[in-house]
Amino acid sequence: MTAGGRGRVNIMMEAPERSRSFNFSSEELDSSALSSSMSIDRLFPALLECFGIILCGYIAGRANIITSTQAKGLGSFVSKFALPALLFKNMVLLDFGNVIWPFLWSILIAKVCVFFLVCILTLIVASPVSRYSKAGLFSIFATQSNDFALGYPIVEALYQSTYPEYLQYIYLVAPVSLMFLNPIGFALCEIQKWKDQGNHQQSKVVIVGVVVLQVIKNPIVFMVVIGIIAHFVLHQTVPVFMAQFVDGLANSFGGAALFYLGLSMVGQLGKLTKSTVVTLILLTTAKLLLMPLICKDMVDLLDKRNTSDLNHSSLSDYAFLYGVFPTAPSVAIYAVYYNAELEVVSSLQLPANIPSTLYFLSLTHCACFLCSDS
């Protein structure tokens with residue numbers, strides 16, 4: 001629910017008891033109605049953009065207009081060029097002065113809780129043959145959200161006219177998975193690879209070194225670090241000589257990522273087997289129930305310095321909305337890289353995204369319609 005809608009609902013409920021304490025001018029009411037209308041008007045074009053481009057990608061893959069080899073090339077461009085440029089640009093331009101840090105800590109704690117819960121349960125339940133790779137990939141699967149391709153356009157439609165500073169949190173929250181949680185999952189995959197090779201002469205120090213090297217070589221992580229350094233060195237300004245170059249790559253991310261997401265969905269439902277149904281249910285439960293509830297509860301617990309009840313409630317609602325962002329398709333790329341659990345991860349990608357996406361859309365629709373009704 002958006003901030004404006006939540007606040008106006010609370011005001012209407014309390015009006016009979018405190019009618020004398022509220023005197024709204026016609027200008028204030030008109031601006032509130034305009035803000036709600038703008039959110040609704042921006043939401044549906046954003047939904048059409050997101051799912052229309054995804055549908056185009058799916059049709060292109062289904063009709064074999066774009067082959068699987070060409071799709072992998074597009075995926076490499078998105079993950080190694082467009083997204084790093086987008087992250088670099090937004091890290092440089094980020095205004096840390098407007099950041100509400102309890103919100104970031106809340107998301108971090110929620111992701112850590114879900115990550116380790118999925119990891120521990122997988123290590124206990126999974127077969128010893130592949131338990132470490134499953135624990136690593138499933139934990140990443142349950143915590144890495146599709147923040148940029150799907151989440152950002154819809155959040156922009158909901159909050160651009162009410163709380164525009166909320167948009168920058170996506171660029172701050174995304175590195176939580178990329179820099180802190182994903183390396184743990186990569187380490188488990190490296191352990192599984194080490195066990196499968198049967199050559200146990202490598203020391204644990206070597207394994208740790210390999211994992212650290214792989215994380216540093218990841219262009220997404222690398223450009224986040226470079227962007228944060230450039231933020232302070234360049235004083236929140238992208239140099240003129242490289243501004244258009246960075247903008248060109250960054251602006252190409254949105255459409256290319258959505259199109260690739262549609263391509264990656266082709267043929268995935270046919271790979272779903274009985275052995276993956278239980279895994280699908282557990283991962284979907286963790287993503288749709290545990291993650292948003294922990295996010296919301298942690299904001300309510302940690303955001304004590306916020307004196308505005310309206311802003312606090314809107315931030316809590318935003319944390320819940322963020323918790324149900326659909327899973328990112330990049331987990332399948334990790335599975336390909338480690339040559340582990342590829343069939344399971346790819347078969348889970350589309351079915352796990354369907355309920356998450358529907359739930360996400362239902363929340364955004366409820367938020368906008370409550371705004372318009374109030």
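What is the mean pLDDT of the protein, and what percentage of its residues reach 70 or more? The mean pLDDT (the predictor's confidence in each residue, from 0 to 100) is 75, and 74% of the residues reach 70 or more. This is a predicted model, in which local features need pLDDT of at least 70 and side-chain atom pairs count only at pLDDT 80 or more, while totals for chains, interfaces and linings use all residues. Residues are numbered from 1 along each chain as its sequence is written, and side-chain values use heavy atoms, with hydrogens and water left out.

Figure 1. The secondary structure comprises 15 helices and zero strands; helices (H or I, at least four residues) and strands (E, at least two) are DSSP runs, numbered from the N terminus. Of the 374 residues, 48% are buried, where buried means under 20% relative accessible area, exposed over 50% and partly exposed in between (1.4 Å probe, protein chains only). Among contacts (heavy atoms within 4.5 Å) with a separation of 6 or more, 87% are between residues 24 or more positions apart. Where pLDDT is low, the predicted coordinates should not be read in detail.

**Figure 2. Segments annotated as transmembrane.** In an unreviewed entry, UniProt lists several residue ranges as "transmembrane region", including 73-93 and 166-184. UniProt positions are given in the numbering used here, feature names are shortened, and annotations may be inferred rather than shown by experiment. In the model, residues 73-93 are 100% helix and 0% strand, with the end C-alpha atoms 29 Å apart. Residues 166-184 are 89% helix and 0% strand, and their end C-alpha atoms are 28 Å apart.

**Figure 3. Helix α14 and the residue that follows.** Helix α14 spans residues 330-338, and its buried residues are Ser330, Val331, Tyr334, Ala335 and Tyr338. Seen down the axis of α14, these residues fall within an arc of 155°, so they line one face of the helix; the arc is that of the directions from the helix axis to the C-beta atoms. After α14 comes Asn339, with a positive phi near 50°.

Figure 4. The structure holds eleven aromatic pairs. Rings of Phe, Tyr and Trp (its six-membered ring) pair if their centres lie within 6.5 Å; planes under 30 degrees apart count as stacked, over 60 as edge-to-face and the rest as tilted. The ring centres of Phe115 and Phe116 are 5.5 Å apart and their planes lie at 75°, so this pair is edge-to-face. Phe115 is buried at 0% relative accessibility, whereas Phe116 is partly exposed at 35%. Tyr166 and Tyr318 form a stacked pair, 5.1 Å centre to centre with 5° between the planes. Tyr166 lies in the loop between α6 (147-159) and α7 (168-197) and Tyr318 in helix α13 (residues 309-323), so the pair ties together parts that are 152 residues apart in sequence.

**Figure 5. Cysteines without a disulfide.** A search of the whole structure finds zero disulfides, a disulfide being a pair of cysteine sulfur atoms within 2.5 Å. The sulfur of Cys113 is 9.6 Å from the closest cysteine sulfur, in Cys295, too far for a bond. Cys113 is partly exposed, with a relative accessible area of 37%. Cys56 is also partly exposed, at 44% relative accessibility.
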